Amino acid sequence: MASASHAAGSVGGMQVILDWDGTATVDDTLILALREFGDWQVYLDASAALARGEITLHEEIRRDAESIKTPIDEVVAWLVDNLELRPGFHELAETYRPLIVSSNFRQLIEPILDREDVELQVRANNVEWAPSGWLAAFRNGDTCGTCGEPCKRADLPTEEEIVYVGDGYSDRCAAQAADRIFARDGLARYLDERGVRYEAFGDLHDVARSLA
């Protein structure tokens, strides 16, 4: 695969951590797939249960995935045709070689990077097809000592300055372990409620300009 950027790595002792869904992308990849191929009511019910604190994020993702019975290759082909990256993605990737840390599935992420001719390190979950629905396999099942459920904090490097760029529920705990936070949408609202400082962004050009 040709590469428009290098694998993830720190730049000047700084590692940029980039969330995928709603951050690197305009829309959530799994939600798009579920809306097209799965059971939308399953998503609505699971999302509401997560918001009420009745289930973990892993359980929500597991339920969402199980509602999709279409072969993964068919879903990926549709996503490659329909998924839009957030403006500024290429600039950020080429300049800062971010590490993509996602609660989604690498089988849905890596084909989009291939489409864009970008090579970045991805830390994400895995999924397999089964006739009864997709089967999620999570890379980290250990409970976080900070938030009380498995989360992205375990994926963060420990010996570099961390810049975290995110937008949603899966970013809450990990973002607060970073030295510098860029946030939008649900993550921004969550940090506002807790008085945590962050830098707002609209697109990834904003992030690249601020880091420069």
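Q: In which helix is Thr-29 found?
A: The model is predicted, so local features need pLDDT of at least 70 and side-chain atom pairs count only at pLDDT 80 or more, while totals for chains, interfaces and linings use all residues. Residues are numbered from 1 along each chain as its sequence is written, and side-chain values use heavy atoms, with hydrogens and water left out. Helices (H or I, at least four residues) and strands (E, at least two) are DSSP runs numbered from the N terminus. On this basis, Thr-29 is found in helix H2.

Q: Is Thr-29 buried or exposed?
A: Buried means under 20% relative accessible area and exposed over 50%, with partly exposed in between (1.4 Å probe, protein chains only). Because its relative accessibility is 0%, Thr-29 counts as buried.

Q: With which side chain does the side chain of Thr-29 make a polar contact?
A: A contact means heavy atoms within 4.5 Å; leaving out residues up to four places away in sequence, Thr-29 touches Trp-20, Asp-21, Leu-79, Leu-83, Asn-104 and Leu-108. A polar contact is a pair of N or O atoms within 3.5 Å; within protein, one must be able to donate a hydrogen and the other to accept it, and residues adjacent in sequence count only if both atoms are side-chain atoms. The partner, at 3.0 Å, is the side chain of Trp-20.

Q: Which backbone nitrogen does the side chain of Ser-102 reach?
A: Ser-102 lies in strand S2 and, at 0% relative accessibility, counts as buried. Among the residues that Ser-102 touches, not counting those up to four places away in sequence, are Trp-20 and Asp-21. Its side chain reaches, at 2.9 Å, the backbone nitrogen of Asn-104.

Q: With which side chain does Thr-23 make a polar contact?
A: Thr-23 is found in helix H1 (residues 20-24) and is buried, with a relative accessible area of 0%. Leaving aside neighbours within four places in sequence, its contacts include Arg-86, Asp-167 and Phe-201. The polar contact of its side chain, at 2.7 Å, is with the side chain of Asp-19.

Q: Why do the buried residues of H9 line one face of the helix?
A: The buried residues of helix H9 (residues 185-193) are Leu-187, Ala-188, Tyr-190 and Leu-191. Seen down the axis, they line one face because they fall within an arc, taken from the directions from the helix axis to the C-beta atoms, of 160°.

Q: Which exposed residues does the face of H9 turned away from its buried side carry?
A: The buried residues of H9 pack against strand S5 (161-166), helix H8 (172-175) and strand S6 (180-183). The face turned away from that buried side carries Arg-189 and Glu-193.

Q: How many disulfides does the count come to?
A: A disulfide is a pair of cysteine sulfur atoms within 2.5 Å. The sulfur of Cys-144 has its closest cysteine sulfur in Cys-151 at 3.7 Å, too far for a bond. The sulfur of Cys-173 is likewise too far for a bond, at 3.8 Å from its closest cysteine sulfur, in Cys-151. The count comes to zero.

Q: Which element gives the largest share of the lining of the largest pocket?
A: A pocket is an open set of points on a 1 Å grid over the protein atoms alone, where a 1.4 Å probe fits, with protein on both sides within 12 Å along at least five of seven lines; lining residues have an atom within 4 Å of a point. Of its 34 lining residues, the closest to the centre are Asp-28, Ile-31, Asp-167, Gly-168 and Tyr-169. The largest share, five residues, comes from H9.
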